[in-house]
Amino acid sequence: MLLTLKIVTAVVIAIAWAAFNAAYLVWAERRGAGIIQRRPGPNINGPFGLLQPPLDGIKLMAKQIFFPGEVDRVLYAAAPVLVMTPAIMSFVTIPYSDWLQAQNIHVGLLMVFAFASLGTMGIFFAGWSSRNKYSLMAAMRSVSQAVAYEIPMMITALTIVLIAGTTDLNEIVAKQSANFFHWNIFPLKGESHNLLMPFSFLIFFICSLAETNRAPFDLGEAEGELVAGFHIEYGSMGFGLFFMGEYANIVIGASLTTIFFLGGWADPFGVCPGVWWFLIKLYAIICTIIWIRWTFPRTTIYGLLNLSWKILIPASLFNLLLTAGLLKVF
Amino acid sequence: MNLPIQLQPDETFILNVGPQHPATHGVLRVKMEMNGEYIVNAETVIGYIHRMHEKMGEVKPYSQFLMNLSRMDYLGAMGYSHGHALCVEKAAGIEVPERAEYIRVLMVELNRIASHLVWLGAFVMDLGGFTPLLYCFQDREYILDMMERITGARLTYCYIRFGGVCRDVDDQFIDSARNFIPYMRKQLAKYHKLVTGNIIFKKRMNGIGRISAEMCRRYGASSAVARGAGINFDVRRNEPYSVYPQLDFDIPVYDGCDNMARYMVRMDEIEQSLRIVEQIIARLPDGEVMPRKVPKIIKLPKGDCYQAVETARGSFGVRIVSTGDKIPYRLKLRSPTYSNMHLFDEACRGMLLMDAMAMLGTLDLVIPEIDR
C-alpha cells in the first residue's frame, strides 16, 4: 500500500515536472530568441511574460479537436499521446540528486532509450495518418533520421556503460562524483583515461539534438519546404502535445548528457552539493540548444544522414573500442 | 550532392506547393511531380495576383499611371518608377535637372540595398535560420525611415515624377545617409560572419542549384541570376542611363553558377550601392529638382519608345507605343523576375525538394512583380 502510494506520488510529480518544463521551455525559447534577435519576446502576460505558457495551454485546450476528412482516426488521435507519454515516462528514472529520483531502476539507461525510440513512432503515426503529402514526407525524414542517430547515440552510451560498469543512472553519476576531474568528459582522471572523451560528448550532444528533432536537424518540421512537417494537420491540444513532447524530449536529452558526461548531480569542487548542480548543468545545456537553434540554418537530409553514417557512427565505434582497450590496460 | 537516380515514372506523385506556402514568398504555385523527395518535373503556375497593370497604363494618362509602377514590386519600388519616368521623358523630350537625376539615383540605390536586405533575411529563413531576418529588417528600417521623411511613403513611393522628383532632399537626410554608410558596412561584415561563414550554410550553397550561362541566355534572366552564372551584364553599365556613367562602381560577377555565386553577387551589390550613395552625397549638385515647364497633361509624339533600367531584381523595361494621344496605345512592362522564375522549371529537375527551395530563394522572387 505504502509502495503503491509512493509510486503514484512519484509518477504524478514526474508528470508535473515534465509538463512544467515543457511549458516553460517554450517561454524560455521565445525569450531567448528575443534576446538573440534583439526584440522583447513574450512580455505582456504577467511579469516577464511568465503567464504566457498557461494562457497558451488554455487557448489550445479551448479549441475544437478537428479530424480532417480521410484521416486514419485511431492513429491520428494516438500519435500525440505516443509522443508525449514516453517522454514523461523517461523522467521517472532521471536522478536529480543522490536521493531525489522518482524510481531507481537498475536498467534505467536502457529504459530511457527504449522510451526515446517510442517517440519516433508517434511522429511516424502522425505523418502517416494525416493523409497529407507534406506530413508523410516529414514522417519519412523523421524516421530515417531517428534510425541514423540512435546508433551513434547508443554506441556512445555503451562507452559510458563500459566505463561505469553499470546501467543504473544513479550509479553512473556516483562514479563521477569525486570532483570536477572525474567527470566523464575529462579524459585524464576518473575511470576512462580516454583522451577522446570530449569528442564522445560532442557526438552524444549532436545525436541528442537530432533525436529530439531540434535545429539544425529539424527536418521533420522544416517549415521552409514542408510547411509544418508532421503536425501540419493537427490543431488544438494535439498540436500542443507534440510541442510539449518535443520540449520534454529536449529535457531528457540534456539530462542524459549531464548524467553521462558532466557528472550529473555531482558538485565540481565540493561546494554546496545538492540538486541545483544538476539543474544548473541541465539548463546550461538547454540554453546552448536554444542558442544553436537561433543561430544555424537547417541541414539537408543527405547532409544529415551522411554526418551520421559516415562520421558519427565510425567515430563512436572507434571511441568505444579505444575505451574498451584502455580500460583493459589501466 | 544531387546524385543521379533511376526515376520510375509510375511511382511519382504530384505535390502542390502553393499558392500559399512559406517558401514561395507570395502567391506562386509550383506543381511538382515528385519521386520521393526528388523532383521529376516542376511547373510554375502564376497569375494569382494579376492586377492588369499594363492595361491600366493603357487607359490612364501617363502621370496617373506613375503610382502603379511602385505597386508592382513592393521591395524595390523606386527603380520601377525610375524606369517609367525615364521612358516618358525620353519620348517627350523633357529635360531633367542634374540635381534631380542624382537624387533619383541616390534613392534607387538606397532602395536596392533595402530590397537586398529583405532578400537576404527571407532567403536565410528559407534555409531555416531565423535570426538574420530580424537583423536585416532593422537595417532596412533605417533606410525606410530615411526615405519616408523625404518621399512620404515607406514602400510604394510616388517620388519620381516626370521631369524630376517631387521634393528636394534636406540636410538631415544627407546626414543620415552619410551615417548609414559606415553602419551598413559594419553590418555587412557581421552578415558575412553570421551567414556566409557558416558551415551548414556553405554546404547548402556551394555547387547546389546550378543555373548555367546558356540557360540564363535562353530564358532572358538578368540580375544576380545571370551575373552569378558569369554573364557580365548590368543595364547600368551596358546600356547606360541617367547619371550612372559618371559614377564609379563595379559590377560583381561570379561564375560559380550555383546558389553561392548568386548570393555573393547580391551581397557585393550592397557594397557597390553603398559606394554609389557615398559618391552622390559627396558631389550632389545644387539647383532645382523639377524643371520650370513640365506640361500638366503629357502627350507623347507618335512612335515607339523603350527604356531599360537595372532594378534590384534585374533589368526592367518599359515600352510605350504612342499614337500622339494622352494615353499610350500600348504599354509593355518587361518584368525581370518573370524571366528569372521560369528558369526554375528546368533547373530544379532531379533536385531534392530542400535544394530546390533554396534555389527558389536565390532567384529573389517578388510575385506581384511577376503577375503585374
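In the largest pocket, the largest share of the lining, seven residues, comes from α11(A), where helices (H or I, at least four residues) and strands (E, at least two) are DSSP runs numbered from the N terminus. The model is predicted, with local features needing pLDDT of at least 70, side-chain atom pairs counting only at pLDDT 80 or more, and totals for chains, interfaces and linings using all residues. Residues are numbered from 1 along each chain as its sequence is written, chains are lettered from A in the order in which they are written, and side-chain values use heavy atoms, with hydrogens and water left out.

A pocket here is an open set of points on a 1 Å grid over the protein atoms alone, where a 1.4 Å probe fits and protein lies on both sides within 12 Å along at least five of seven lines, and lining residues have an atom within 4 Å of a point. The largest pocket holds about 580 Å³ of space, the volume being that filled by probe spheres set on the points. Its lining has 22 residues, and A:F217, A:T299, A:L307, B:I199 and B:I200 lie nearest the centre. Two or more lining residues come from each of α7 (197–211) and α11 (301–329) of chain A and from α7 of chain B. By class the lining divides into 15 nonpolar, four polar and three charged residues.

The second largest pocket, with a volume of about 400 Å³, is lined by 18 residues, of which A:E29, A:F243, A:Y247, A:R293 and A:W294 are the closest to its centre. Elements giving two or more residues to this lining are α1 (2–36) and α9 (236–261) of chain A, and α9(A) gives the most, with four residues. Its classes are eight nonpolar, two polar and eight charged residues.

Turning to the interface, the contact (heavy atoms within 4.5 Å) takes 36 residues from chain B and 26 residues from chain A. The two chains bury about 2700 Å² between them, 61% of it on carbon and sulfur atoms, buried area being the accessible area (1.4 Å probe) lost on putting two parts together, summed over both. In chain B, B:F130, B:I200 and B:M354 lose the most area to chain A, together 21% of what that side buries.

One salt bridge is counted between chain B and chain A, a salt bridge being a side-chain nitrogen of Lys or Arg within 4 Å of a carboxyl oxygen of Asp or Glu. The side chains of A:R141 and B:E37 form a salt bridge at 2.5 Å, N to O.

Methods
Ala, Val, Leu, Ile, Met, Phe, Trp, Tyr, Cys and Pro count as nonpolar, Asp, Glu, Lys and Arg as charged, and the others, Gly among them, as polar.
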